[in-house]
Amino acid sequence: MRFNSALPGIRWPAYPDEQAARLMAGLYQLEHSQWQPPDKLRQRQFEQLAPLLEHAAIHVPFYRERLRAGGWELTPGLDAQRWSQIPLLTRADIQRASAALMSDAPPPAHGGHHVAQTSGSTGEPVKVTKTQVCQYFWQLCTLRNHFWHRRDFQGRFAAIRVFAAGAAAPDGETFAGWSRATSRLFSSGQSMRLDLRTDIVVQARWLERHNPHYLLTFPSNLHGLIEYFEHANVRLPALSEVIMVGEIVSPELRADCLRVLGVPLTDTYSSEEFGYLALQCPDHAHYHVQSENVLVEVLDDDGRPCVPGAVGRLVVSSLHNFAMPLIRYEIGDLAEVGGPCACGRGLPVLKRIIGRVRNLVRLPTGERRLPIVGYRGFRDIAPIRQYQFIQRTLEQIEVRLAVERPLTGDEEARLRVHIQQSLDYPFLIVFVYMPTIPRTKAGKFEEFMCAIPG
């Protein structure tokens, strides 16, 4: 690894520019903080949240009113008990009061603002204003992710996701380095980009031409690529790792990636509102919360912290966004809490990310549970290219299918029984045939969605 030098004639040791020096200083701190015990990390988080809360109470109309109405006073000694008394923030709150959530005096030293918007696949898109400081912590977490997983910066890095322009098929775009985060510090290999809205066969042939060392894409897209490479009996010789973003990763996809492509799968968990929330541990399949960027709480239905092994709602607070503070924001995802990690890091563990509440199947009894639809058995019944489940009522599920040919009556009957048995409930299954099943504007694809209000 060779660091970039900003001074002519000085190659070694490198003389970094100001932005590179900031990143190096941040990485040095993250290298040490990850090994601190959980109680020390939480103490540091509250030390950071105290000035953020004070700023919000004075300069953010929404929190000025909310904290005053709740009788919450800014006194020294912020701790978990006092923190838990702050009401949760919802998507509806952000949509209804977005202007009131903006600071009337963001610190000038935090840099310019930019707006991030969620995909709105829930019908509840939100816009969040962030500062250059937020971007800085995004870059730090990006670099941490690379270092954790021991990536070779000289390798070729391919990304297949939604790009606004310039990455159209069949050639996509090629760049001299990986990203702004890496290029500040290192000389890196080529990076290639291809728009996700490209036919899977075209994607696969693009990957064969470029033969990358690393591939970043969505889980649903990787599923299609794996099917292609397995059918074609082809591998990518240089590929050493596949990196996931944007959707939930199943254990089956991890196994298929290793079996067909011969490489491990590494996942990341992030959001438009906060950036990185958790990264996969370099030694295990579970996730470490990025405690230097966000405070993450996993709460049960009564608002109490979940114990290891329990599943709860994710509530997230940004530590550094003074332009539009999001404090105790119920992001809409579910996760299972993990115990201490054998790797020795004190960063909290999420054993698995389950996804949105809307991705749970609802039963007439009122129970909600993770939908196991038995997709592995689909191709044994009929040539199904793509599928999606939408629960319309407590008794009915619409199954959207993109197929190679129309299914026979017998195939439909077998598929219906297979789905009902997998879901362990005799839902009314209604098949809807489509040429292709669309993604969201952000390129995401959800296999199961519950469209029942409430």
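Mentor: F3 lies in the segment before α1, where helices are DSSP runs of H or I with at least four residues and numbering starts from the N terminus. This is a predicted model, in which local features need pLDDT of at least 70 and side-chain atom pairs count only at pLDDT 80 or more, while totals for chains, interfaces and linings use all residues. Residues are numbered from 1 along each chain as its sequence is written, and side-chain values use heavy atoms, leaving out hydrogens and water.

Trainee: Is F3 buried, exposed or partly exposed?

Mentor: Buried means under 20% relative accessible area, exposed over 50%, and partly exposed in between, with a 1.4 Å probe and protein chains only. F3 is partly exposed because its relative accessible area is 36%.

Trainee: Where is A20, and which residues does A20 touch?

Mentor: A20 belongs to helix α1, residues 18-33. Contact means heavy atoms within 4.5 Å; leaving aside residues up to four places away in sequence, A20 touches R184 and L185. A20 counts as buried because its relative accessibility is 2%. Between the C-alpha atoms of A20 and S5, 15 residues apart along the chain, the separation is 9.3 Å.

Trainee: How many disulfides does the structure hold?

Mentor: A disulfide is a pair of cysteine sulfur atoms within 2.5 Å. A search of the whole structure finds zero. C134 is in no disulfide, and the nearest cysteine sulfur, that of C141, is 11 Å away.

Conventions. Helix = DSSP H or I, 4+ residues; strand = E, 2+ residues; numbered from the N terminus.
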